[in-house]
Number of protein chains: 2
Amino acid sequence: MLERSSSFETLVAELNKLPGIGRKSAERLAYHIIKMPKDEALRLSSSIKAVKEKIFFCSLCFNLTEHDPCSICSDPSRKKDRILVVEDPMDIAAFERSGVYHGIYHALQGRIIPLKGITPDRLRIKELLDRIEKGGIREVILATNPDVEGEATALYISKQLASFDLEVTRIGLGVPMGGSLEFSDSVTLGKALEGRKKFS
Amino acid sequence: MLERSSSFETLVAELNKLPGIGRKSAERLAYHIIKMPKDEALRLSSSIKAVKEKIFFCSLCFNLTEHDPCSICSDPSRKKDRILVVEDPMDIAAFERSGVYHGIYHALQGRIIPLKGITPDRLRIKELLDRIEKGGIREVILATNPDVEGEATALYISKQLASFDLEVTRIGLGVPMGGSLEFSDSVTLGKALEGRKKFS
């Protein structure tokens, strides 16, 4: 096709770095991009640049946003007395799609995995405690993923929260163990919220 | 996660247009891009722009190139008396990787599929005939994909070439029917070239 040092090879190498895109898929995508109408390819190129320039993390809840604070934190209709704690902004998106939750969020930006060196201080746990210390929070719902690391992370946070005068709950009913929050359907997420129980 | 009109949603929508990338994969990729180091994401963005600005089709063989004529057409060590006719520049890449062919190529940029409105005049068949009319070609090797449309395309071209004084061959041995040239291994492609037979 082309000499190895070409812009085609550069694009293949860059696409190949993305998760789930092997060498062969990267070649197919690059070839597709070459055949695309030019304006469409330039839209793709500039939308990648735009997210890097415009998107950052909300200084309150660490959700992805283009404005600080994010649209959820600054929405006057959201109930500000309950915080739903998730691992990741993708999980906030899943809850928002389900439409069953009307409070505010806190994205930890990960989960505790000591073997990978992800200790509690690498997550946004301190920032969660700071928010709670400011007062006004009556309930913290722990919605980390229902697997070993997620449970451990929830347990760790529940211990940190023990001294505060608030209800700490864990989403329950409906979310299958070993599954992933991001791929749960709205009904399951709704059931999980309804069936939340006190963290013991 | 984010308001629906955000740059994140734009990127997801653009990624979603690529082949084999569904809504969910597009979200994962977009999120990955947000978490990437900025310089890496900008390299991806600019490499997409670069292929659209730098890459076009060779005016002789319709391979992808950054220089006209392409590196194969302008290589003095290639045998200019034989043309290997393929559907697609990706197939040229497959033959080049196998290293078994030292002649020049002609990419039809597709195959005849009347039901989809792809008639012979939509392909680069006229340009192939023009190249042959200029003389110097002793053999045309038809290497369209070994399936129904590919066979039909090869048959059509062989009829167009009947009036010329040259050998028209079809790659044979080794390429399994119903398969795809692009994913064939080098040995199979080598066997196919060795075992080429006269188009009857």
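Reader: In which helix do Arg43(A) and Asp39(A) both lie, and how many residues apart are they?
Author: This is a predicted model. The side chains of Arg43(A) and Asp39(A) meet in a salt bridge at 3.8 Å, N to O. About one turn of the helix separates the two. The helix is helix 3 of chain A, and the spacing is four residues.

Reader: Is Asp39(A) buried, partly exposed or exposed?
Author: Buried means under 20% relative accessible area, and exposed means over 50%. Asp39(A) has 47% relative accessibility, so Asp39(A) counts as partly exposed.

Reader: Which side chain does Arg97(B) meet in a salt bridge?
Author: Arg97(B) lies in helix 4 of chain B, and its partner lies in helix 2 of chain A, so the pair joins two chains. Arg97(B) is partly exposed at 38% relative accessibility. The N to O distance is 3.9 Å, and the partner is Glu27(A).

Reader: How many residues apart are Arg138(A) and Asp81(A)?
Author: Their side chains meet in a salt bridge at 3.0 Å, N to O. Arg138(A) is in the loop between helix 5 and strand 5 of chain A, while Asp81(A) is in strand 3. The pair links distant parts of the chain, 57 residues apart.

Reader: Which elements give two or more residues to the positive patch?
Author: Lys38(A), Lys49(A), Lys38(B) and Lys49(B) gather in this patch on the surface. Lys49(A) is partly exposed, with a relative accessible area of 39%. The elements are helix 3 of chain A and helix 3 of chain B.

Reader: Which kind of axis relates the two copies?
Author: Chain A can be laid on chain B with an RMSD of 0.1 Å. That takes a turn of 179° and a shift of 0.0 Å along the axis. The copies are thus related as by a two-fold rotation axis.

Reader: In chain A, which C-alpha is nearest the axis?
Author: The axis is the one that relates the two copies as by a two-fold rotation. The C-alpha in question is 2.2 Å from the axis, and belongs to Ser45(A).

Note on methods:
Residues are numbered from 1 along each chain as its sequence is written. Chains are lettered from A and ligands numbered from 1 in the order in which they are written. This is a predicted model: local features need pLDDT of at least 70, side-chain atom pairs count only at pLDDT 80 or more; totals for chains, interfaces and linings use all residues. Side-chain values use heavy atoms; hydrogens and water are left out. Patches are made of residues with over 30% relative accessible area and no salt bridge: like charges are joined within 9 Å, nonpolar side chains (Val, Leu, Ile, Met, Phe, Trp, Tyr) within 5 Å. Accessible areas come from the Shrake-Rupley method with a 1.4 Å probe; for residues, only the protein chains shown count as cover. A salt bridge is a side-chain nitrogen of Lys or Arg within 4 Å of a carboxyl oxygen of Asp or Glu. Lys and Arg count as positive and Asp and Glu as negative; His and the chain ends are not counted. The place of a charge is taken as NZ of Lys, CZ of Arg, CG of Asp or CD of Glu. Buried means under 20% relative accessible area, exposed over 50%, partly exposed in between (1.4 Å probe, protein chains only). Copies are superposed by least squares on the C-alpha atoms of residues with pLDDT of at least 70 in both.
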